[in-house]
Amino acid sequence: MEMKLKDNLSRLPDNTAMKQQQLPACHFHFSATRILTAFFAIGALCLVMGIILILSSKSAKTIEINYTKICANCAKLQENAFNFDKECTCSIPFYLPEKMQGNVYMYYKLYGFYQNLHRYIRSRSDSQLLGIDIKNVEDCAPFEKSHNGTPIVPCGAIANSMFNDTIILSYNLNSAIHIKVPMLRSEITWWTDKYVKFQNPSSRNLSNAFAGSTKPLYWSKPAYELDEEDPGNNGFINDDFIVWMRTAAFPTFKKFYRRLNRIQHFTEGLPAGNYSFNITYITSFQGEKAVVLSTLTWDGGSGLFLGFAYTVTGAMTWLVLFSMIAAHLMLKKRKTFFLQQ
Amino acid sequence: MICLHIALQGSTESLLRRSERKYKEIVIVDQDNRIHTSKYNVLTFLPINLFEQFQRVANAYFLFLLILQLIPEISSLTWFTTIVPLVLVITMTAVKDATDDYFRHKSDNQVNNRQSEVLIDGKLQNEKWMNVKVGDIIKLENNQFVAADLLLLSSSEPHGLCYIETAELDGETNLKVRHALSVTSELGADISRLAKFDGIVDCEAPNNKLDKFTGVLSWIDSKYSLNNEKIILRGCVLRNTSWCFGMVIFAGPDTKLMQNSGKTKFKRTSIDRLMNTLVLWIFGFLVCLGIILAIGNSIWEQQVGDQFRAFLFWNEEEKNFVFSGFLTFWSYVIILNTVVPISLYVSVEVIRLGHSYFINWDRKMYYAGKATPAEVRTTTLNEELGQIEYVFSDKTGTLTQNIMTFKKCSINGKIYGEVHEEPSQKIEMIKKKEHADFSANPKADSKFQFFDHNLIESIKLGDPKVHEFLRLLALCHTVMPEENSTGQLIYQVQSPDEGALVTAARNLGFIFKSRTPETITIEELGTLVTYQLLAFLDFNNIRKRMSVIVRNPEGQIKLYSKGADTILFEKLHPSNEDILSLTSDHLSEFAGEGLRTLAIAYRDLDDMYFKQWYKMLEDANIATDERDERIAGLYEEIERDLMLLGATAVEDELQEGVIETVTNLSLANIKLWVLTGDKQETAINIGYACNMLTDDMNEVFVIAGNTAGEVLEELRKAKENVFGESRSFPNGHAVCEKKQQLELCSIVEETVTGDYALIINGHSLAYALESDAKNDLLELACMCKTVVCCRVTPLQKAQVVELVKKHRNAVTLAIGDGANDVSMIKSAHIGVGISGQEGLQAVLASDYSFAQFKFLQRLLLVHGRWSYFRMCKFLCYFFYKNFAFTLVHFWFGFFCGFSAQTVYDQWFITLFNIVYTSLPVLAMGVFDQDVSEQNSLDCPQLYEPGQLNLLFNKRKFFICVAHGIYTSFALFFIPYGAFYDVAGADGQHIADYQSFAVTMATSLVIVVSVQIALDTSYWTVINHIFIWGSIATYFSILFAMHSKGIFEIFPNQFPFVGNAGHSLTEKLIWLVVLLTTVTSVMPVVAFRFLKVDLYPTLTDQIRQRQKAQKKARLPRSRRPQARRSSSRRSGYAFAHQEGYGELITSGKNMRAKKSPSAPGLEKTPYNSTSWIENLCKKTTDTVNSFSQDKTVKL
């Protein structure tokens, strides 16, 4: 009753398009022609893309050498606890039938190494790696502190399990002359990792900065001595370390190790011929290790999968397209048939 | 049994004595009249509200998840992924609850602060309602609302009578009489004596029975029994009584009104229930996934991890792999919980709220006449409006306006009041045409309209039959005249029909002026004539007629009678044959137009004959045995050999657009049942008037048995009748199990051909609702196109609704305007109140309210349909989206050693549902339209998918889930394949976990955005903004969170620094995203195209048509344009109880000044001494029968 007393006009709803659900709008209508055209176009696109991808990935040269078995001796040696950190080198000769043109990249590849385990992936301290507070080991369980209570730097399971085999590629011109293929270890990391995410503590002398900390249990050298050749490549900003710390998504992964320095014999890339890998085998695990040499294409190093997937998708799209056309035409016939009746 | 004793000492203090069997105690009653409907105050809000919120399963579940996440061993997600949405939801709900409660506080305050006059310290003082206490004496004035339940002490009217209107309580608009005890009515308006009143009232405990009160008043050494007739209840309005005094018996929450209001049941929609089931299933599914992954984890730990652990976690103790699996299970429960994200519940509420606002804002549901827009009072039921199968409607005030207008009459074989124009032109014609001119008549009621000058001419010419006709109308009725302050004549009518007739006579020059118990004075064309009222042969349901016997100034004795034609025509003198056939034709014509007709007849009586008859009547009156039968016989005896004068036609005006609405609803396959407290004839009349009943119907069953057996037999007979005609069913329907019953019912419904209608009255309904007849009733009612229940009590209305709700498993809607509809409105799935009428009870109890019945079709066919459509689309998409989003973790589990590692960044998981994908789907849920509102109205068949629950059901759910699973599969395995052996453009590795997470997240956001773009059929600006905006937001937030700045502040929270920039510049990643999008979307498009192309639904066709922009609407094939001619029906619509004949003839309701001075001269046709007793007896009879009904049915 009280309501009636209110101003009549104020109770009349506003006549706006929004309130009256009359907003101007377009109805998207999927007519037969539109849909069929779209299917045709997408199918064609996928097919073309698939073929390009397959061709391009074929053009890339890749050689992969699994050294798990060849270096099994070293692994066996290390199983003996006494020889735990004894260096062991094995050499793997191989023949490169065709030359690898252009930039050649070297990767190490691990099979069955679970870098994506939940507890593993979390076992790191980004604030420590940022160099601000190297004693910050809170997320690093179970590799936070050594037995005597000093913090591990860099802490955590990821750092601890760092890949530390050394792989050296030699070009065997003949049985006598073995040329060490020049490799660059720079620019194998992301710029942001090297310059933002990983920072050494701001101290002139790294070993001072790392004072009061312990090296990871599996490491033979502390972090500030990782690269003996280049003092600027030590500590947290060591390239190999950074690469390792960028954990892989799947248990089988390859990681960037070195890239070819195109000087001397190798300005054109790797010439065909005999090569050998000299691997300093440090640790073994249940999976397998391999080393990969490869060149890249316009899109980077895509495998065959994407090319095939595109081709199959394109083919399927066209298949569906044809069946839809058939169904549509049959329906039309049926409709006209009914109309005639 | 508990009694309350209210003792009055002085008047301000009172005592309550509660006596139980064993002990007596005296308590001072301090019950004040304040009412609380609010739930919280400032202090209690937070604890109570939080407690209430965590009682909801969903909230409790998320709290449980939050606790799980705080356990470090199993926490696979950080706590903020759950707490951010949870806090958001709880805050939003709390704000909504607080606002609601604020408005309740406001309305409480408004009611509590109303003023009333209370007798304090021997003086009348204004006091707020909330300060009125039990035992106070209150003075009420005309047209005031009653503040509390009062014992009537005295009033301005003679004999302590007062009139009240109980519309707010029971929906009846006719006046009711209450009378004070004679001892207290003597107190009058004497303040000093009233102030000294110190009676003690013993009464029953507060209860919700509106029509029953028992108590005893002890005052000055004597005891007086009290019943309902002495009580005025809160919520009534005092009418026609300038003042009255009453003592407060029950105040505040004890009043019958408040006791009746009851707690509103929390209503849920069927989608809600389905959603709950589905959510349970999903939890089951989730647990299964958890178990699979946990087993996987155990195996992995044993086979691989064992050795692997030695390498990675060598200093940890050897762990039990079963225990590890157990922990993994909980971790996966946490990760996979996003299948049912908390935002689902919030989004559903937001969408419903949006739809509610659309209803509130709809100008086409705004009634200018009463300045009332439609109002949504429960915002959580909207989509159910699109699934209604049964509509239960009240009649008075809902279908009809409850305004009677005298439309036509037939006098001596001649029709007056015809309008010859075509109906379509009628409106214009009315404007042009001059009304019959009543300006010559100063007493004319200005509102009266009559369009035939012929009648005026005839009156002027002095046609004796016409005069006699009008004279009869002015004499034969129970109307009470009254003059208001400006000297205008006002009629107090008991039923609007009578009012219409007397007003018509008045405007045509036969003005009913005044009455005393033995005279009636009318002004016949300017001259005052007083008739002696010799006898009053009152109306009742069996007689269906009323008569008066009067002596005119010339000394002639005449019997004037009006009544149902069927009854009256049997009583006519044989000489009436010619006029009878003419009138009969006219009556058919009137009835065909849906008018309520009465036949009018008179008889000249011989003086001697009358005296003999009167003597016999007096004898009969004092007889002790078979009194009623003897009187009835005598009435029969004198009401014969009548001379037919003609017939009247009164229109019970339907509300605007009712016929169209009823037709449209029935085209939409919505069954309309009319449940009315009104009489059978009236209800049937209205049924015909709004085309619910037609003469084309094969049969109209009327169930009016008086015993259980009779009713059962009638029901069975009717059923057999239907089965017999459709010849498809044997008599195997007698005993059926409930389930079979249901099936049978639906089968029957389809096989029965022809239209049937069922009309059942309240008395029979009471029996029919008993268990053994219930099934028969239901089965029969289901087969009938129209069901009309008349003379049903509010409780029965609710029972009928419950019956259909329970056994038919259908969605019901109840619509009504009065307090008598409250129970039905509350028990139906959706209650609609017609607002703007006198009472607000129905509106307050309702979920939706608007001013006109016709808005119902817009509410259901447009808003309801859209709501349902949108909600279903929303749910389908939402489940799809979250399955696609979440199941990726399941696939990933197989590649990460089942270690409960998430695929995405934690922030992405937190924000995905509330930021990245919430708005586009909300926009679709709020704005989407499949067909335009015009098309939904033009083609009511579009409503059917909702009734059949086609747009979202378990099957649809499984399709959505399958779609989601497929998408998650594509989303995961395409990047997996592509990342297997991949390097970035500059040789750097991009197959790292973080890049994978970013790729997946980007693909997911793009895939679900493309999907919503395909799902949205109505692209408004808002949709554009939201869809494009969401993608833009995703990328900007992604880059922000992967930026250097935020990383340096929180290095541990945002470890993805630089990832977006790095990954999204790789061509390969975009190739993956593109392929993922194509493979996840194209199959759906193909599937939908084929479905629409091969098996188009009606909606698809209409859309196509709409698209083609052909303005041609669907042919309204079955919509009847004109009313069919109908059989004749007669309505004699008096009040439910017997008329006030006795009251009139006894003169008790006359003004004191007019009451007879000398008893000797008084000519009392009845022994009137006990009229009050009679009246009481009648009322208590009805009350008793009512309460019996109740007990029987309960």
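**Figure 1. Phe197(B) and Trp219(B) make a tilted ring pair.** Start with Trp219(B), which is buried, at a relative accessible area of 10%. This is a predicted model, and across all of its chains it holds 82 aromatic pairs. In this one, the ring centres of Phe197(B) and Trp219(B) are 4.7 Å apart and the planes meet at 55°, so the pair goes down as tilted. That's because planes under 30 degrees apart count as stacked and those over 60 as edge-to-face, with the rest called tilted. Phe197(B) is buried too, with a relative accessibility of 0%.

**Figure 2. A disulfide links Cys71(A) and Cys90(A).** Counting over all chains, you'll find two disulfides in the structure. In this one the S to S distance is 1.7 Å. The link is right-handed, with 70° about the S-S bond. Cys71(A) belongs to the loop between β2 (62-66) and α4 (72-79) of chain A, and Cys90(A) to strand β3 (residues 88-96), so the bond ties together parts that sit 19 residues apart in sequence. Is Cys71(A) buried or exposed? With 1% relative accessibility, Cys71(A) counts as buried, because the label applies to anything under 20%. Cys90(A), at 10% relative accessible area, is buried as well.

**Figure 3. Cys140(A) and Cys155(A) form a disulfide.** Here the sulfurs are 1.8 Å apart, S to S. Both cysteines lie in the loop between α6 (126-129) and α7 (157-160) of chain A, so this pair ties together parts 15 residues apart in sequence. Cys140(A) is buried, and Cys155(A) is too. While you're looking at this loop, check out Pro154(A), which is also found between α6 and α7 of chain A. The peptide bond running from Val153(A) to Pro154(A) is cis, and its omega is near -10°.

**Figure 4. Gln857(B) reaches Asn664(B) through a side-chain polar contact.** The two side chains come to 2.5 Å in this contact. Gln857(B) is part of helix α28 (residues 855-893) of chain B. How accessible is Gln857(B)? Its relative accessibility is 9%, so Gln857(B) counts as buried. Leaving aside neighbours within four places in sequence, the residues in contact with Gln857(B) are Glu660(B), Thr661(B), Asn664(B), Leu665(B), Val862(B) and Leu937(B).

**Figure 5. Lysines sit over aromatic rings in chain A and chain B.** In chain A, look for Lys255(A): its charged end sits over the ring of Trp244(A), 5.2 Å from the ring centre. In chain B, Lys671(B) lies over the face of Tyr390(B), at 5.4 Å from the centre of that ring.

**Figure 6. Gln264(A) and Ala371(B) have positive phi values without being glycines.** For Gln264(A), phi is about 50°. You'll find Gln264(A) in the loop between β9 (253-260) and β10 (269-270) of chain A. Gln264(A) counts as exposed, at 56% relative accessibility. For Ala371(B), phi is near 50°. Ala371(B) is in the loop between α10 (342-361) and β16 (375-376) of chain B. Ala371(B) is buried, with a relative accessible area of 4%.

**Figure 7. Stepping back, chain A has eleven helices and twelve strands.** The radius of gyration of chain A is 31 Å, whereas a compact globule of 341 residues would have one near 20 Å. Along the principal axes, the C-alpha atoms of chain A fill a box of roughly 90 × 70 × 40 Å. Of the 341 residues in chain A, 52% are buried. What about contacts between residues with a separation of 6 or more? In chain A, 78% of these contacts are between residues 24 or more positions apart.

Key
Residues numbered from 1 in each chain as written. Chains lettered and ligands numbered in written order. Predicted model: local features only at pLDDT ≥ 70, side-chain atom pairs only at ≥ 80, totals over all residues. Heavy atoms only, no water. Disulfide = S-S within 2.5 Å. Helix = DSSP H or I, 4+ residues; strand = E, 2+ residues; numbered from the N terminus. Buried < 20%, exposed > 50% of the residue type's maximum accessible area, 1.4 Å probe, protein only. Polar contact = N/O pair within 3.5 Å; in protein donor to acceptor, adjacent residues only side chain to side chain. Contact = heavy atoms within 4.5 Å. Phe/Tyr/Trp six-rings, centres within 6.5 Å; stacked < 30°, edge-to-face > 60°. Lys NZ or Arg CZ within 6 Å of the ring centre and 35° of its normal. Rg over C-alpha atoms; globule rule 2.2 N^0.38 Å.
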